[in-house]
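Colleague: Please take me through one part of this model in close-up: the backbone in its loops. Keep it simple, and go place by place.

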Amino acid sequence: MSSWLFLIPLLPLAAAVINFILGRWFLQHASQWLATLAVAGSFILSIPVFLEIVSDEQAISQHLYTWIPAGDFDIPVTLFVDQLTATMLLVVTGVGLLVHIYSIGYMHGDPGVYRFFSYLPLFVFSMLMLVMANNFLVLFVFWEAVGLCSFLLIGFWYRRRSAASAAKKAFIVNRVGDFGFGIGILLIFVTYGTIEYAGVFDMVGDASQTTITVIALLLFTGAIGKSAQLPLFVWLPDAMEGPTPVSALIHAATMVTAGIFVLARAYPIVSQSADAMMAISIVGAATAFVAATIAVTQYDIKKVVAYSTVSQLGFMAFAIGTGAWVAAIFHLVTHAFFKGLLFLGAGSVIHGMHEEQDMRKMGGLKKYMPVTYWTFLIGAAANAGIIPLAGFWSKDEIILGAWLYDHTIIMVVAFITAFFTSLYMFRAVFMTFHGEERFDPDKVHPHESPKVMTLPLVVLAVFAATIGFIGFPPEDGWFHHFLDPVFPGMPHPDVAWSTIIIFASISTVIALSGLFIQYMAYVKKSISPAGIAGLLGPLYKLAANRWYLDEIYDVLIVRPLVAFSMFLWRFVDTQVIDGTVNGVATLVMFTSQQWRKAQTGLIANYVFAIALGAIIIIGAFMIFGSNLFQ
Amino acid sequence: MDSLPILSLMTYSPLVGALIILFWVNAPANAVRWIALIAASVSLVFSLIMLAMFDRSDSGMQLVETFRWLPDVGIEYYLGVDGISVPLVILTTMLVVIAILASWDAIQHRVREYMIVMLLLATGMIGVFVSLNLFLFYIFWEVVLIPMALMIGIWGSANRIYAAVKFFLYTLAGSLLMLVAIVATYQSYFEQTGERTLSVLQLSQGDYGTNFQMWVFLAFFFAFAIKIPLWPFHTWLPDAHVEAPTAGSVLLAGVLLKMGGYGLMRFNLPMFPDAAEAFAPLIIVLSVIAIIYGALVALVQTDLKKLIAYSSVSHMGFVTLGIFAFNAQGMYGAMIVMISHGLVTGALFLLVGVVYHRAHTRAIEKFGGLATNMPIYASFFGLFMFASLGLPGLSGFVGEFLAILAAFREYQLAGIISMAVVVLSAWYMMWMFQRVVWQRAPGEPPDHDDPELKLTGDEAPPKVAGGSGDHHHEDVDPRTLSDVNAKEILTLLPLAILTIWIGVHPGPFMELMQPALEALLEPFGGSGF
């Protein structure tokens, strides 16, 4: 079986290359079928791989070639599939396939459709290689490659200044994280003499505790960028400039979870450092909370879902920090389905509303787009943690984990964030689909999306509703046993049913209270959101302005750095260095000019000079060369 | 195989072309172009034959040609190649062909003289990489200098005389110091052994006192540091690049800068290993400054060529960073950075040349939205932008990552600081890309579906895109520029293929260099192999 493992990433790569080269002149809209079929092929091939891992419980691998043979730094490209990778394979190809199908409808008529269906399978290829790498450097290669695809797809409508800026911002901010990630790889190599997972993980204990902590934190730095944690999450909301299917696949379901994946992959390192785990849990919890507060204040439907993604990624991060490893991956999987669903649903709304994204100009859409409404509702409820949908099980387990592993403060933050989650999710549902119609009925005629778009919504909704049961009962589900070999030595706390029920009850009460408040606010109109915003005053302003992070970066980093660069160029380069060089030239010139004055052209002057010279020479000879004066 | 002097054939076939053009006084311009192209292609073919004949397992000099010239003073005609010079020679022969193609339409004025200068330059550059006698090396080194200065001074743009003189004096200052150092080394070796020689291989066997090594090392180093150019000897480069014609910039960035890195590896390290180790920390510091400084200054450039010129300072910093880390990864890194920079920066200058030829400006603010009417151009631009900013899978990453790793092993802080370039290079390249290739032409209003149109009040940007708004009527509208033609694609495609190949599968290239690099590192402990 491992002999054709390479086909799984190769199919989308081939589609991407063919579409890119031939798309503009030959394939045009045919490119969408090629891309979709290729990803479908990857998905179909991933199923037997997954089943083999389930039955044999053995990791499989396939060596392809040696990438960099630089002395003792010898880097192979080897595909590697274990339980964690197999899970990711299904998520990436499965959600990827649905997004491809959906995009056929969503991108219909766009003149750049061939580019879209080149970049999208390229992303699937890169993401598959990222999860199938067997060493940190190849992981890093595709970590950057997914960043490339993200750049190309955010900037897909490159003529828009906002899209071009967002694409650039996403790449650069990610690179800030990669700076740390890259150093982490260097440190791993210098410490262990190899960067292959197997070799490194066998020797983790050989390094000092400090080194292990530093490595874990550096890897986490990469995750902060890619998985949009504080303080680097600013790129993700801007990334919504890309076409909506891109947001669903890359900026919700798969790429942004790469950071979480890396931390899970590096479990043998990260779990050895209590300090690093603590840092991860604090950053994760803070991210979850901050992003949730921002989400409540947004009016752009995509921005709400985007901040929600940041918040959920925070949940995953602090789950890892608190030691709830399986719960983190569990949430990653459920989140891929319900958040992919929410984005595609938002896309369907935008499509049906003629590119309108502002929820203040929506309302009452339920009757115009019933499929979108019901699927979006399922996604929102799953995200808000309404029992028994997928998000409930995974989120509840994360919160339970925080309690089990004695992180009480984090647990409290998580409960508060869960409340905010319910608030922003149902606010979006009610503002968009319920209440009065706030659009201009003469100009906008809302309509349901075509089947090619609603079909993926329905499939995702089924998963968003049911996928949670792979993790049932909590801490002891099928998924937990399946992932066990990935996290060797992880504790298996026995959880009493009473504890589970208590936590489930609290979660449910919180989620339902959010639902109730928003129902009162946006459907019954008995609570005034504006009144509450006014009551909170500066706190509301802080959240509505995204905690001023962009402004802070601009003032503290971007402007000073540009000013410093100007100083280097205008002063150091032009004045100091070039000044010195030109100064030497000027000095030579000046000296020559002075000597030039001797060349008067008057014979008498020359005769005088010759005579003077003769006298000096003869005089000097008489003084020093002869004994005349001695 | 001894009978075929392949290296000489390769070196002088451009010169033969130059002589033909010289004596065919009334040659029509097109004939001149074809002669130049054929002569350069012949040289390229010979270099590929050289590659085929090259034994990859041998660390010594191969395809050696010697001819007694002035034996009494140790001057002989002595050519040979090893794993360090072979890739650089092929890079040179290839870039010369590309440079001639790139000049085909761009140069309409004094075509004969231009092609003579170009071919002389080619012979000089190849000669530098294959000479093993210091006298011969010095001749070729100077032969390179004059045609390049002429090319900038005659076929350059507005401020060309200043740039040509600056280039000439800067490099001449370095050359003269090198000349003094050559004589000193020659004399010292004679005093040690009683033998008069200028052969690099023999001189490398000499045992020079530490104090002597220091001074002579510095003299050589100064010449090579100016060529690389290492901070703070770099200020000739932006002027030279900006004023040079496109092909001149391609060869300047693609080949001339490599002569510096090559010189360090061929002369400084083997001849003066003690001095090399003593000066290593200082050179590492200068390299790290160059890497960061070049990137920062590139960030604020308004002229496309100047931006790429400063990015060259940053990239070439990795060459010295890698060499003076004295381990396997560093040497590989330095070599691959040199090759990659030759391909990528050469291609970027070609790309700037394409729009300069059409719009007669290099100001970033005059462009915008090129992707709309120049899709193939935009694809190439994107590819080389990503190669330049070190995207893994393209050639730049392999070299720079290895150089950073090498530095990190020996000087942790140097590795960490130079890693910061991943952020800065993305910043300056993408900002430029955004303004030139993406977005819209200066003054062009947003499209009907652009969300910008919905913004109101303070959020709304000025209604025209890009630029400062001072759009002059004499400017060429970027919307009217035509996409790259077949000839331009022909110049870009080989560079693109090699960039991807080295990025995806650098193994064959590294195996070619391995024995020579291993031998080079031997006096330094050879760590990392």
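Modeller: Start with B:Pro229, which sits in the loop of chain B between helix H8 (210-227) and helix H9 (236-243). Keep in mind that this is a predicted model. The peptide bond joining B:Ile228 to B:Pro229 is cis, and its omega is about -15°.

Now go to chain A. Here A:Pro231 lies in the loop that runs between helix H8 (209-226) and helix H9 (235-238). The bond to check is the one from A:Leu230 to A:Pro231. That peptide bond is cis, with omega near 0°.

Find A:Glu57 in the loop between helix H2 (30-56) and strand S1 (60-70). A:Glu57 is not a glycine, yet its phi is positive, about 55°.

Last stop: A:Asp406. Its loop links helix H17 (390-404) and helix H18 (408-433) of chain A. A:Asp406 also has a positive phi, about 65°, although it is not a glycine. Here the count is 10 other C-beta atoms within 10 Å. The limit for exposed is 12 or fewer, so A:Asp406 is exposed.

Terms used. Residues are numbered from 1 along each chain as its sequence is written. Chains are lettered from A and ligands numbered from 1 in the order in which they are written. This is a predicted model: local features need pLDDT of at least 70, side-chain atom pairs count only at pLDDT 80 or more; totals for chains, interfaces and linings use all residues. Helices (H or I, at least four residues) and strands (E, at least two) are DSSP runs, numbered from the N terminus. A residue is buried if 20 or more other C-beta atoms lie within 10 Å of its own, exposed if 12 or fewer, and partly exposed in between; C-beta atoms are placed from the backbone.
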